[in-house]
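Me: I've got a structure open and I'd like to learn how to read it piece by piece. Can you walk me through it?

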2 protein chains.
Amino acid sequence: MASAVNTQIVLKHRPDGMPRADNFDIVESPIPRPNAGEVFVRTIYLSVDPYMRGLLWERPPRGKPVHPGEVMIGEGVGEVVFSGDPRLREGAIVRGNFGWQKYAIAKPETVHRVDSDITPMSTALGVLGMPGLTGHHGIRQVARPLAGETVVVSGAAGAVGSVAGQIAKIDGCRVVGICGTDAKCAHLVRELGFDASINYRSQPIDSALESVCPSGIDAIFDNVGGDILEAMLRHINLHARIALCGAISQYHTLEPDLVLPHSRLLHRRRACMQGFLVHDYAEHATAAMTDLKNWVKTSRLIYRESITNGLEHTPAAFEGLFHGTNFGKQLIRVSPESV
Amino acid sequence: MASAVNTQIVLKHRPDGMPRADNFDIVESPIPRPNAGEVFVRTIYLSVDPYMRGLLWERPPRGKPVHPGEVMIGEGVGEVVFSGDPRLREGAIVRGNFGWQKYAIAKPETVHRVDSDITPMSTALGVLGMPGLTGHHGIRQVARPLAGETVVVSGAAGAVGSVAGQIAKIDGCRVVGICGTDAKCAHLVRELGFDASINYRSQPIDSALESVCPSGIDAIFDNVGGDILEAMLRHINLHARIALCGAISQYHTLEPDLVLPHSRLLHRRRACMQGFLVHDYAEHATAAMTDLKNWVKTSRLIYRESITNGLEHTPAAFEGLFHGTNFGKQLIRVSPESV
């Protein structure tokens with residue numbers, strides 16, 4: 001083993017509102033020892049995702065809480081250094097919930113081999129992992145836009161939104177992305193082929209939507225919730241479908257602003273609003289992954305990663321997610337791909 | 001023709017809030033004269049429905065407005081007295097939007113023959129008409145409850161709700177109905193076979209729902225909106241489906257109470273909320289009507305009508321809908337079935 005100590009990032013205290021880097025502590029601890037049958041993994045990449053904010057509540061709206069003093073939960077890609085299970089050879093690249101730490105012990109049934117055609121391996125946490133599948137299921141199973149329809153994606157430059165928007169383009173839709181910088185706006189249109197983009201920080205959202213969606217909105221893929229969702233809803237057409245994937249603007253509060261009942265609008269427009277999680281469509285995952293791999297290989301699906309070097313920067317990268325500092329999938333490189 | 005004058009009910013002035021009988025005027029006018037190809041109909045039954053409140057706004061949220069001085073819009077069943085169209089013989093019983101009046105002129109393409117197996121003919125406006133189909137589509141196409149799931153229906157003793165709840169029973173669900181009198185509550189359980197009922201006027205709704213839905217709510221068929229919808233939503237399970245059929249508690253206001261965003265709950269519970277109208281599922285109407293007729297014939301589907309005699313009582317019956325004075329389908333008998 002490369003080092004005699006493990007470095008871990010633990011929750012220091014629960015955030016009060018938006019998460020901050022100083023909600024976490026970096027601690028050193030002895031290298032963990034696997035029990036019989038367990039696997040010892042060296043973390044290579046860690047994923048930081050908006051949904052993790054929810055796990056920092058004492059009683060999360062969904063998922064199990066992380067308590068102060070505990071290692072922060074998080075998915076990663078790593079290398080099997082020692083294996084107590086004959087099905088996982090040493091040196092294998094695996095994906096699992098290793099937490100924010102250099103070394104992790106895992107039960108073999110919670111560890112998944114990263115296929116050799118998932119390359120670079122970091123994409124197992126992004127376009128060819130949970131975020132990619134989320135975008136695929138959200139468009140194909142939930143929002144279900146038809147060719148020619150207008151689709152609006154919020155958080156469109158993020159790991160999930162960028163996949164969702166590009167799949168809607170592949171499916172023949174007119175696609176508008178909402179994001180928070182001019183550089184992201186330009187990226188959506190020039191590199192990802194979106195039809196239009198809106199910088200919600202610099203443009204009045206309602207008039208911007210009106211101008212780029214002159215025939216209204218047929219499907220929404222929402223990653224942000226709050227005011228941007230309200231604005232998109234004001235423009236939906238009859239029979240619109242709204243896929244609720246995330247609500248990054250809302251995860252930090254237990255007391256969101258009150259709004260006109262969404263039921264009222266859904267009733268009037270005979271529209272459908274649905275929350276979902278990637279696991280809800282597990283039966284479609286294999287087929288969806290085949291699509292994603294093919295599209296990445298043929299460059300129909302472009303992805304972008306924000307890779308921060310060093311486990312110690314994980315809390316700051318996590319904080320940055322909520323301010324839109326990432327551009328595409330936010331990852332931490334904890335250790336080199338090969339040592 | 002039976003009489004030299006026509007009696008009509010016209011909108012006097014738009015209601016300010018809840019509709020009242022005195023928003024309407026009864027007027028007499030000359031018998032209308034059909035143009036070539038048109039049909040002259042004697043109204044027998046008129047349907048009064050909650051959705052009609054929406055048409056009284058200057059700019060209705062859906063549908064075309066009724067303006068002061070105009071005959072009130074409304075579906076009815078009548079007899080063809082004179083036909084300018086060879087496909088509609090005189091004496092035929094037909095259904096159409098005849099308005100609140102004794103005699104109506106209609107274009108033949110807007111008039112539908114009432115099949116001879118729809119008996120009594122009043123059911124063409126209820127269990128074997130639009131309300132019956134609405135209940136069928138709302139359960140089978142929108143709420144889609146599985147056998148064993150818990151379904152809650154609001155406005156459960158009404159024309160649509162009573163059908164929706166009974167179909168959910170036919171489909172093997174546990175069904176709870178919410179209504180506003182003890183007599184309706186008893187009817188739901190004793191005659192319609194609901195598993196439980198709640199009188200929202202006399203029982204605290206949250207604790208009542210908790211006690212009769214100990215495993216939570218899997219599907220909602222909502223006819224009322226407002227506080228009752230909010231209460232039902234507080235009890236939904238993961239992957240719940242909410243069919244928004246009507247919002248009778250809200251039709252009278254343009255400024256509903258603000259609420260926590262429904263999107264928040266739908267996201268957390270990965271649930272689906274959908275507004276619909278009977279016409280959205282027109283492709284299923286024939287099969288659904290066959291079901292409804294069979295179930296009525298075999299008494300698996302029980303219906304109840306509140307029939308008020310005399311066109312002049314239509315405004316009061318309409319007002320009564322919003323206070324729950326009807327019990328089952330509210331109809332007006334304008335003239336005898338045969339003369």
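Predicted model: local features only at pLDDT ≥ 70, side-chain atom pairs only at ≥ 80, totals over all residues.

Me: How do S13(A) and S13 of chain B run where bridges join them?

Reply: They run antiparallel, with 3 bridges joining S13(A) to strand S13 (residues 272-275) of chain B. To find the pairing by eye, look for Met273(A), which stands opposite Met273(B) in S13(B).

**How the copies are related**

Me: How should I think about the symmetry?

Reply: The general idea is that two copies of a chain are related by a rotation about an axis and a shift along it. Here, a rotation of 180° with 0.0 Å of shift along its axis superposes chain A on chain B, with an RMSD of 0.0 Å. That is the relation of a two-fold axis.

Me: What percentage of the interface residues of chain A are also interface residues in chain B?

Reply: It's 100%, so the copies meet through the same surface.

**Reading the core**

Me: What about the inside? What's the idea there?

Reply: In soluble globular proteins, nonpolar side chains tend to be buried together. In this model the largest nonpolar core has 204 residues, and the members that touch the most others are Ile220(A) and Ile220(B).

Me: Which residues is Ile220(B) in contact with, leaving aside neighbours within four places in sequence?

Reply: Ile220(B) is in contact with Ala143(B), Val152(B) and Met232(B), and also with Ala240(B), Ile242(B) and Ala243(B).

**A helix with a buried side**

Me: How do I read a helix that has a buried side?

Reply: An α-helix has 3.6 residues a turn, so residues three or four places apart point the same way. Now take helix H4 (residues 205-212) of chain A, whose buried residues are Ile205(A), Leu209(A) and Val212(A). Looking down the axis of H4(A), you'd find them within an arc of 80°, so they line one face of the helix.

Me: Which exposed residues does the face of H4(A) turned away from its buried side carry?

Reply: Ser207(A) and Ser211(A) are the exposed residues there. Over on the buried side, what covers H4(A) includes strand S9 (174-179), strand S10 (196-199) and helix H5 (226-233) of chain A.

**A covered strand**

Me: How many of the residues of strand S3 of chain B are buried?

Reply: For S3(B), residues 39-47, it's 9 of 9. Follow its partners next. S3(B) pairs with strand S4 (residues 76-83) of chain B in the antiparallel sense over 7 bridges, and Phe40(B) stands opposite Phe82(B) in S4(B). S3(B) also pairs with strand S6 (residues 103-106) of chain B, again antiparallel, over 4 bridges, and there Val39(B) stands opposite Ala106(B). Finally, 3 bridges join S3(B) to strand S15 (residues 329-333) of chain B, antiparallel too; look for Tyr45(B) opposite Arg333(B).

**Loops and backbone angles**

Me: Is Gln250(B) buried or exposed?

Reply: Gln250(B) sits in the loop between strand S12 (236-244) and helix H6 (262-269) of chain B. The cut-off for buried is 20 or more other C-beta atoms within 10 Å. Gln250(B) has 21, so it counts as buried. Not counting residues up to four places away in sequence, Gln250(B) touches Arg264(A), as well as Gly225(B), Gly226(B) and Pro256(B).

Me: What kind of peptide bond joins Thr119(A) and Pro120(A)?

Reply: It's a cis peptide bond, with omega about 0°. Pro120(A) is in the loop between strand S7 (112-113) and helix H1 (130-143) of chain A. In chain B, a cis peptide bond joins Thr119(B) and Pro120(B), with omega about -5°.

Me: And what is phi of Arg270(A)?

Reply: Arg270(A) has a positive phi of about 50°, although it is not a glycine. Arg270(A) lies in the loop between H6 and S13 of chain A, and is partly exposed, with 19 other C-beta atoms within 10 Å.

Notes. Residues numbered from 1 in each chain as written. Chains lettered and ligands numbered in written order. Core = buried A, V, L, I, M, F, W, Y, C linked by C-beta atoms within 7 Å. Buried ≥ 20, exposed ≤ 12 C-beta atoms within 10 Å, placed from the backbone. Contact = placed C-beta atoms within 7 Å. Pairing = 2+ DSSP bridges. Helix = DSSP H or I, 4+ residues; strand = E, 2+ residues; numbered from the N terminus. Arc of directions from axis to C-beta. Least-squares fit on C-alpha atoms with pLDDT ≥ 70 in both.
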